[in-house]
Amino acid sequence: MSKVVAQQAEEQEPEVDLIKADQVIDKYIDLPGNLMPVLQGVQDAYGYIPRIVADHVAERLNVYPSQIYGVLTFYAQFHLKPRGKFIIRVCVGTACHVQGAQRIKETFFNLLHIAHTETSADLRFTFEEVACLGACGMAPLAMVNDDTYGKMTVQKVDEIVAKYSAIPLD
Amino acid sequence: MVNLIIDDKQVTAPKDSTIYDAAKLNGIKIPILCHDKKLKPFGACRMCLVEVEQMKGRQIPACTTPITEGMIIRTATPEIIKARELVLELLLLNHPLDCPVCDKAGDCDLQNLTYDYKVDSNRFSDLKFQHEIDYNNPLIERDMNRCVLCGKCVRICDEIVSYGALTFIDRGIETKIGCEFEKKLDCEFCGSCISVCPVGSLLARPFKFKSRFWALTKHNSVCGYCGTGCNLTLGVKDNKVLTTVYDENQGFHKGQLCVRGRFGYQFINSDKRLTKPLIRKNGTLTESTWDEALELVAGRLKGGSAVAALATPRLTNEELVVFKKLLLDSVGTKNFDHAAGYAHAALTEGFARSFGTSASSASILDIQKSDLLLVIKTDSYETHPVVGFEVNMAVKNKGVKLSVLSDKRGKLSKLPHAQTLVHLPGSEVAVLNAIAKTIIDEKLVNTHAASVPGYAELEKALSAFSAEVVAAQCGLTAADIKKLATDYASAEKAMIIFPVGQAYTGHNADLASAVANLAILTGKYGKEGCGVLCLSEKNNSQGAVDMGFYAQNGGLNGLQILDACTDGTVKTLFVAGENPLTSYPNRSKVKKALEAVEFLIVTELFLTETAAMADVVLPVCSFAEKTGTFTSADRRVQYVKPAISKNSQLKTDFEVFSDLIVKLGGQSSSTPAVLFGEIAATTPGYTGMSHESLKSEGAFAAVSMKPAFVVPQATASVAAEAGKLALVTGSALYHSGTQSQYGEGPMHVCPEGYIELSRADASTYKIAENDLVTVSSAEGSMQLKAKVTPRMPVGVAFAPYHFTAAPINTIWSGAPVTLVSVAK
């Protein structure tokens with residue numbers, strides 16, 4: 001279901017204000033090799049990289065649109081669809097796997113109905129499986145934005161979802 | 001030179017060679033898949049692995065590794081062979097083995113290598129790719145399932161074509177080649193990507209399932225569109241030209257072609273071709289015989305001072321000379337011309353006065369050897385795309401500086417570090433004069449320049465063209481003009497390029513003299529990487545000038561001939577291949593002239609709208625069906641021979657004119673080869689050439705120069721009045737004259753006429769992309785599709801002139817800039 005929603009979001013791309021993109025571009029316009037910082041800055045400004053912004057960056061930086069798309073699809077850090085306010089990352093690396101990461105992942109899915117790289121329709125949550133978060137001693141591990149939750153349990157999943165669902169979306 | 005040992009053989013190679021280059025130079029074959037001599041080394045496919053003793057026998061790619069003194073290389077040890085077999089096994093794991101239905105079979109690098117290395121089984125198994133095949137355009141089919149990710153298509157589109165349509169998408173096993181946001185391919189369709197694809201991922205759709213590669217006979221020829229003079233290999237089967245075959249060793253352009261060269265050949269075998277002479281009987285054109293038609297024509301031409309002729313510069317040199325003989329000697333008229341009578345003025349008047357010769361003082365080969373290129377109008381890319389490729393490579397690979405002086409932006413102004421000065425339309429000559437004045441004022445004049453005739457007069461005349469004054473009039477800044485002047489003058493080697501053509505009325509004798517002045521002032525002519533290159537429009541425009549097929553010694557020029565038709569002084573008009581109704585300015589005037597003239601004779605391939613008005617239409621041959629020579633814009637004389645035998649009902653123009661000479665009691669040259677002997681003997685620069693000597697490759701006709709300064713008349717720039725736009729005409733992406741309307745490729749990229757507007761003007765007039773707008777000028781009004789682009793400056797509009805269905809000469813009377821109003 002959520003996949004359909006994300007696709008719809010992609011098709012009916014919302015009106016995007018290019019001023020924010022221009023501010024980022026203006027900052028880096030004279031810097032050699034400015035494509036990466038511009039794309040990172042633009043992603044920070046919009047939360048993802050809307051197609052119209054990618055095209056605008058191409059025009060202003062005089063880079064082929066295809067080349068920008070090549071960069072955007074090469075790096076995992078760039079997102080072409082709107083992302084949730086809260087990015088939930090569940091580690092499925094070896095240590096977490098052994099400690100039951102699969103159950104944690106499934107519990108999140110049952111509560112939020114979003115799978116790997118998907119975003120909830122209200123743009124509150126995005127779910128990602130990651131290979132290792134580098135804190136194997138705390139396995140199984142989850143993160144929401146910059147907050148870390150170690151020794152995860154199914155109950156803790158409920159609490160985390162409840163906690164972040166209560167924060168108002170601006 | 002570096003000494004090294006390859007496969008136990010002591011060899012030498014230049015010191016910037018890679019192992020691959022060194023081996024190739026010494027006749028040792030190393031297999032490649034991702035490497036192309038025209039592209040930068042990439043090292044993706046690992047087919048070219050070799051062992052280097054100094055590198056502890058490690059296997060390293062030959063295509064990316066530079067050679068060093070004393071290197072000991074082995075290219076075919078059992079380990080290397082095994083490694084290459086493994087590479088092929090892995091590639092064939094995903095590559096579908098659908099060779100029986102793949103058009104690439106027989107010309108496929110992967111197929112050939114698999115055969116060479118006898119890879120007849122695979123130790124691995126995996127799924128094949130399931131990518132969707134891109135059938136969304138009629139020219140290029142993209143089947144990413146066959147792709148081996150060599151990246152040649154991505155690289156050629158960037159490094160040479162500079163369009164950048166393709167990219168690598170995603171990463172690792174998921175990687176594929178595609179366009180941004182997975183959209184369908186929508187580019188210039190030059191087909192360079194097809195030419196370098198080592199497998200059947202990129203294929204020419206017009207050629208799909210037409211013939212197996214090995215069943216084609218390949219014929220070398222010269223492209224019949226623009227003045228670049230690209231060489232072609234035509235793939236022929238059953239007397240039909242089915243495709244163009246890529247040959248990386250062909251011509252100065254190494255087989256690179258544009259969309260019309262690669263995909264524009266369909267007119268040769270078009271079923272719209274005329275096959276029988278037509279004679280107007282009771283008002284309608286009816287099929288007839290050659291005897292009857294030529295008898296009728298000869299009767300009209302006899303003793304005709306009231307005869308005039310227009311020829312297309314697509315005819316061969318030999319045909320133009322026979323035609324000239326027919327007109328001068330047998331008919332007795334001096335009234336003949338080509339290219340509307342003005343499109344050759346830059347050469348025949350401008351360069352003739354400034355350089356003492358009607359030819360360019362630089363060749364296309366100079367582009368990559370220069371330090372700075374000054375291009376007048378970004379349109380140079382569109383009129384001569386393969387020259388554009390040369391500019392791309394010069395700027396991107398050789399670090400040549402590029403300055404563009406233009407009334408709009410374009411592809412050239414997007415090249416790295418290109419300086420583009422966008423001036424108000426119509427002010428080229430004034431800006432060039434201001435540059436000349438700056439060069440004089442800043443004391444950048446070459447020591448020999450002051451002794452060139454006309455220096456004092458020029459210096460005096462230029463006093464009115466200070467950078468400040470001109471800048472204010474032309475919408476530039478004085479600093480920009482001065483910078484361009486000092487850049488040009490201080491570059492060690494600098495070259496100026498400008499296009500001419502029937503749609504570029506502003507690119508006349510004055511413009512040619514103005515650019516010539518810059519070259520003469522700074523001494524930048526007559527040496528490598530310097531000079532002025534006039535890009536003449538058609539494949540034999542320069543030839544028509546060299547053969548003297550234009551109004552001279554009091555003969556009427558192209559436009560005067562039409563006037564004379566209207567007022568009745570010319571009673572018989574012989575049009576050989578021109579289509580003035582579409583391509584000459586002021587349609588109503590042309591129409592009136594063609595209606596008024598008593599007798600109109602047309603030789604043509606097709607029943608064009610001009611031919612449809614004729615009293616006699618004689619069906620003739622295309623470049624692929626005749627023998628002769630073409631002279632390119634940079635005066636390279638090249639030989640063409642028939643790739644297919646002509647329909648027995650057709651005659652070449654050469655035969656038509658020869659027959660008429662005989663009918664009028666004269667003696668005709670027996671063959672084009674014999675006539676070319678006469679041409680070589682009498683035409684300056686052609687001395688010593690013969691069909692035989694030109695067969696393997698063309699030769700440059702030498703140019704001898706006598707420089708002189710000429711004061712060019714600058715026209716005032718045209719600023720749009722309130723509510724009006726300044727319309728400039730020109731060539732659209734990859735059309736050439738009106739002939740490209742019969743080529744599938746150009747008609748796909750640009751199927752119809754349009755008017756191009758800036759975003760600001762589009763929003764002012766509330767016009768959106770593809771809206772049908774009414775464009776009106778003092779001449780008339782017509783409907784055109786709107787195209788909204790970021791390259792147009794505010795107040796300026798652009799429209800191409802090629803299309804019979806939307807003839808721009810309805811609203812254009814031949815002025816360089818026309819004021820028009822647009823409304824939805």
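Helix 21 of chain B (residues 653-663) is mostly covered in this predicted model, with 8 of its 11 residues buried; helices (H or I, at least four residues) and strands (E, at least two) are DSSP runs, numbered from the N terminus. The buried residues of helix 21 of chain B are Asp653(B), Phe654(B), Glu655(B), Val656(B), Phe657(B), Ser658(B), Leu660(B) and Ile661(B). A residue is termed buried if 20 or more other C-beta atoms lie within 10 Å of its own, exposed if 12 or fewer, and partly exposed in between, with C-beta atoms placed from the backbone. The buried residues of helix 21 of chain B pack against helix 7 (290-301), helix 8 (317-331) and helix 22 (672-682), and against strand 22 (572-576), strand 23 (599-604) and strand 24 (616-619), of chain B. Just after helix 21 of chain B, Gly665(B) adopts a positive phi of about 90°.

Residues are numbered from 1 along each chain as its sequence is written, and chains are lettered from A and ligands numbered from 1 in the order in which they are written. As the model is predicted, local features need pLDDT of at least 70 and side-chain atom pairs count only at pLDDT 80 or more, whereas totals for chains, interfaces and linings use all residues.

Elsewhere in chain B, the axes of helix 14 (residues 467-474) and helix 15 (residues 478-490) come within 8 Å and cross at roughly 120°. This angle makes helix 14 of chain B oblique to helix 15 of chain B. Axes are lines fitted to C-alpha atoms, for helices over the stretch in contact, and angles run from 0 to 180 degrees between N-to-C directions; those under 35 degrees count as roughly parallel, over 145 as roughly antiparallel, 65 to 115 as roughly perpendicular and the rest as oblique. The crossing of helix 14 of chain B with helix 15 of chain B is right-handed, where a crossing is left-handed if the near helix is turned anticlockwise from the far one by less than a right angle, and right-handed if clockwise. Ala467(B), Glu468(B), Val470(B) and Ala471(B) of helix 14 of chain B meet Ala478(B), Ile481(B) and Lys482(B) of helix 15 of chain B. The residues of this contact comprise 5 nonpolar, no polar and 2 charged; Ala, Val, Leu, Ile, Met, Phe, Trp, Tyr, Cys and Pro count as nonpolar, Asp, Glu, Lys and Arg as charged, and the others, Gly among them, as polar.

Ala714(B) lies in the loop between strand 27 (699-700) and strand 28 (725-730) of chain B. Ala714(B) is buried, with 24 other C-beta atoms within 10 Å. Beyond its neighbours within four places in sequence, Ala714(B) is in contact with Val429(B), Ala430(B) and Asn433(B), two residues being in contact if their C-beta atoms, placed from the backbone, lie within 7 Å.

Between the chains, 13 residues of chain B are in contact with 12 residues of chain A. The side of chain B that touches chain A has 7 nonpolar, 2 polar and 4 charged residues.

Chain A contains 8 helices and 4 strands, which run α-α-α-α-α-β-α-α-β-β-β-α from the N terminus on. Its C-alpha atoms fill a box of roughly 50 × 30 × 25 Å along the principal axes, and 26% of the 170 residues of chain A count as buried. Of the contacts in chain A with a separation of 6 or more, 62% are accounted for by residues 24 or more positions apart. Domain 1 (2-6 + 15-74) and domain 2 (86-166) of chain A, whose bounds come from an automatic or database domain assignment, have C-alpha centres 29 Å apart.

Helix 2 (residues 19-28) of chain A packs with helix 3 of chain A at an angle of about 150°, with the axes 9 Å apart. Helix 2 and helix 3 of chain A are therefore roughly antiparallel to each other, and their crossing is right-handed. The contact of helix 2 with helix 3 of chain A has 9 nonpolar, 1 polar and 2 charged residues. Helix 3 (residues 35-46) and helix 4 (residues 51-61) of chain A pack at about 145°, with their axes 11 Å apart. This contact joins Leu35(A), Val38(A), Leu39(A), Val42(A) and Tyr46(A) of helix 3 of chain A to Val53(A), Val57(A) and Leu61(A) of helix 4 of chain A. Its residues divide into 8 nonpolar, no polar and no charged.
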